[in-house]
Amino acid sequence: MTTRALVIGGGGVAGIAWETGILAGLADAGVDVTDADLVVGTSAGSAVAAQLTSGLPLTEMLARQSDPTLQTYELVPDVGLDKLWPAILAITTESADAPTARRRFGELAISATTVSEAARREVITARVPKPEWPQQHLIIPAVDALTGSPRLFTRDSGVSLVDAVAASCAVPGIWPTTTIEGRPYLDGGIRSNENADLAAGYDRVLVISVLDMPGAATWGTDLDSQVAALRAHGSGVEVIRADPAAVAAFGPNPLDPTTRTPSAAAGVAQGRGEAARIRELWA
């Protein structure tokens, strides 16, 4: 039996909208990838994955992103990702290795002045249609802010789905860490923005990628390296990256909630255009 994995990466609220549009655009063109045997959702992708595996129809998922009257409430951070990017770049380029960088991101996250954890959790709760983990195999990565150690949340982790998504979406320096079992966790994108390596062993892998993390290639945690490794072990892999129209829709700050409507539209258009290529993979 052919096994299929869907990997959905991080990229702010604009990324959530664009990724949802991609899925809807593919489905419009007759390529439904919601039946994946494994779904890996990181950061923004964890919110999309939680909605996708909840059974919420793609039409409703898209409406929640594209229609301003249906969009869930989102906090506006005091610091945008565009302003934080120099700090991210400094950590990734100055750290000797990936574990050191993750620990430094944890220090940044813990020391940052942000909204309360409770306020952020309300936003995440609104993003997740059902609080229960799905039967479909779902992996949501996060990182322990104290040790820098990655943790992979699944339905067998004993952790609520909302907490897992909140942890994976906890962008350091912008959002508060998420306390789970007495420990602070931060964004799963600090391990890898897509974590495509978690799809190892699956026959067909589709990766939806919003952006590249600076410095990741130094440690082999970049998407290209992970895709090469998957292919070397026999997986068929296709990647959908944000095209110029999508990047324009994201604007300078993909954490800005006003980017959702144009980003969703860009995703739908790109998804329809990518359908022929993805159909061959998923068939």
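The model is predicted, so local features need pLDDT of at least 70, side-chain atom pairs count only at pLDDT 80 or more, and totals for chains, interfaces and linings use all residues. Residues are numbered from 1 along each chain as its sequence is written, and side-chain values use heavy atoms, with hydrogens and water left out.

A salt bridge here is a side-chain nitrogen of Lys or Arg within 4 Å of a carboxyl oxygen of Asp or Glu, and by this rule the count comes to eleven. One of them joins Asp28 and Arg272, with the closest N and O atoms 3.1 Å apart; this pair links distant parts of the chain, since Asp28 lies in helix α1 and Arg272 in helix α11, 244 residues apart. For burial, buried means under 20% relative accessible area, exposed over 50%, and partly exposed in between, with a 1.4 Å probe and protein chains only. Asp28 counts as exposed because its relative accessibility is 52%, whereas Arg272, at 48%, counts as partly exposed.

Within helix α11, Glu274 and Arg277 are separated by about one helical turn, because they are three residues apart, and their side chains meet in a salt bridge of 2.5 Å, N to O. Glu274 is buried at 15%, while Arg277 is partly exposed at 29%.

Turning to the strands, which are DSSP runs of E with at least two residues, numbered from the N terminus, β2 has both faces covered, with Leu38 and Val40 buried on one side and Val39 and Gly41 on the other.

Notes. Helices (H or I, at least four residues) and strands (E, at least two) are DSSP runs, numbered from the N terminus.
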